Every structure is written in C-alpha cells, then in structure tokens.
Amino acid sequence: MATTWFQDAKAYIEQKTAYNATTIGPFFPHTTLAGHYQLAEPQWWTAGFWPGILWHHYHATQDQATAALAEQLEEKMQPLLSDPSKLDHDMGFMWTLTSLARYDLTHDSKAKTNALLAATLLLGRFNSASRYLEAWNSWQGADDTSGIVIIDSLMNISLLYWASEETSDPRFAVAATQHAETILREFVREDGSIHHMVNFNSATGEVLEKIGGQGFAEMSAWSRGCAWAIYGFAIAYHYTQKPEFFWLKPIKQRSILQMQTRK
C-alpha cells in the first residue's frame, strides 16, 4: 500500500511539474493575482524556488527540456551577481537551488563558478565584529539596516558550508558557524519560539532590540520562523557536530493567551 501511494504521488508530482513548465515557462512566479501567476523579474528571495523544482524534476526524470528551462531561468538571474546592491542575505535561497543544484547534477563548471561567486558575495555580508550575516541593504532614504538580522538567514548557511568544502577555505564555514551561534544565542526564546528580527549595533554587537516581525503578535510563535530555525540548526549541526545546535536547553511552556499577547 505504501509503495503504491509513493508511486502515485511521484507520478502526480512529475505530471504537475511538467504541466507547470508549459504554463509558467522561463519566468518567476513570485505572486498571484486573481488566481493567476504574475510573471515577475528574478530580483526576489524566492527566485530560486521554481528552477529548484525543475532540477528536482530533472533528477527524477532526466528530462533534458526541464534542465534547459532551469538553466534559462538561472541565466536570467546572472546579472544580479554583478550588482550587489540588488542582493541580500537570501543568496543561499537563490543560488543553492539553481547553480549549486545544476553543478551537483551536471558538473557544469559555469554553475560551480556562479555558486562560488554567490557564496563569496554572501560571505561579504558577514560582520566579523558582531558575528552575523547582515540581512538587508540600506535602501535610499531608509534607516540604517546594517544591524538587522532575521531568522530566515539561517536557511542560507548551507551555501557557505558547501563553498568551504569545495575550496578548502575555512572562512566560509567559520562565518556560517559564528552566524548560527549568534542566532542560537539571541533569537531563541525560553519557550523555544523565535524572534523574527534582532537589531544589533553593527560596530559593537550590542543587541538594541528584538522584534516579532511577521508573527501574529510581537511575542507569538511564528511557525515559518520556527521552521527556518529548526532546519538551519540542523544544517549547522550536520557540518559542525556541535551539540548545542542539536540539543537545546529545556524550554518553558507558554499558554496560547501569552503567545497572542504583545509585550
């Protein structure tokens, strides 16, 4: 029974992806309007998701048209790598699922170069004084964001660990581990839930404020943020074997009322 379910699910996923390849094509379906995909530009943190799905499909089916479409999407992302002002900490999301996936599956040297370039640009966002990856750029007219770190960033560190292994350069891995340690120390609440954002003094590392961000309320448990943390700490443990990433201290439980109430 389990085997039949798996085969049926696999067949459905492959058919659905093939259908989407014909309807979405070489575009980036970041958003929908009235039930239809809006075929946007690649400058967005989810840009790697659609080509990443295509690489999974190629891995399962060896369909060359799928690989070609994924490469076409990656090519559209290429100009971003020459303009750091258009990039932020989500380079891991964007190029782990595109260039790195292509390199793993096809051993294409250009894909390797793109993935290493993305990792190098991500490393450039590491604040060595305060030991974190800066989340965003300070856009024109905006406040200084050089001290903002968000929990999503923990999902990007696998690109740094890969680059460290690929180049035998420890700087990538050191930055990834120190960033994860900062997240562990400052983002995890006593009950195991997660702050979405922490604002640091970018020169000293002093914590200025901890911000709820996208949760229901300031101190609520934001499920997606908790998922980022669980996955990211698993990545850090996989590469470092440090027990603090695997076995967190006992947590205090909070009531639903407490989780829904702001400070």
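In which strand is Thr31 found? Select Thr31 to begin, and the residue turns out to sit in strand β1, residues 28-33, where strands (E, at least two residues) and helices (H or I, at least four) are DSSP runs numbered from the N terminus. Before going further, note that this is a predicted model, in which local features need pLDDT of at least 70 and side-chain atom pairs count only at pLDDT 80 or more, while totals for chains, interfaces and linings use all residues. Residues are numbered from 1 along each chain as its sequence is written, and side-chain values use heavy atoms, with hydrogens and water left out.

**Strands and surface**

Thr31 has a relative accessible area of 41% and is therefore partly exposed, a class that lies between buried (under 20%) and exposed (over 50%), with a 1.4 Å probe and protein chains only.

Next select Tyr37, which is placed in strand β2, residues 36-40, and which counts as partly exposed at 44% relative accessibility. Together with Phe27 and Leu39, Tyr37 forms a nonpolar patch on the surface, with about 280 Å² of accessible area in total. Such patches are made of residues with over 30% relative accessible area and no salt bridge, nonpolar side chains (Val, Leu, Ile, Met, Phe, Trp, Tyr) being joined within 5 Å and like charges within 9 Å; the areas come from the Shrake-Rupley method with a 1.4 Å probe, and for residues only the protein chains shown count as cover.

Ser128 is the next stop, in the loop between β3 (126-127) and β4 (132-133), and with a relative accessible area of 59% Ser128 is exposed. From Ser128 to Arg224 the separation is 96 residues in sequence and 28 Å in space, C-alpha to C-alpha.

**A pair of helices**

Now show helix α5 (residues 109-123) with helix α7 (residues 170-187), whose axes come within 10 Å and cross at roughly 50°. That angle makes α5 oblique to α7, since angles under 35 degrees count as roughly parallel, over 145 as roughly antiparallel, 65 to 115 as roughly perpendicular and the rest as oblique. The axes are lines fitted to C-alpha atoms, for helices over the stretch in contact, with angles from 0 to 180 degrees between N-to-C directions.

**Salt bridges**

The structure holds 10 salt bridges, each defined as a side-chain nitrogen of Lys or Arg within 4 Å of a carboxyl oxygen of Asp or Glu. Select Lys10 and Glu14, whose side chains meet in one at 2.4 Å, N to O; because they are four residues apart in helix α1 (residues 2-23), about one helical turn separates them.

Moving on, Glu166 forms a salt bridge with Lys112, the closest N and O atoms being 3.4 Å apart. Glu166 lies in helix α6 (residues 157-167) and Lys112 in helix α5, so this pair ties together parts that are 54 residues apart in sequence.

Lys210 and Glu186 are also joined by a salt bridge, with 3.2 Å between the closest N and O atoms. Since Lys210 lies in strand β7 (residues 207-211) and Glu186 in helix α7, the pair ties together parts that are 24 residues apart in sequence. Lys210 counts as partly exposed at 26% relative accessibility, whereas Glu186, at 15%, counts as buried.
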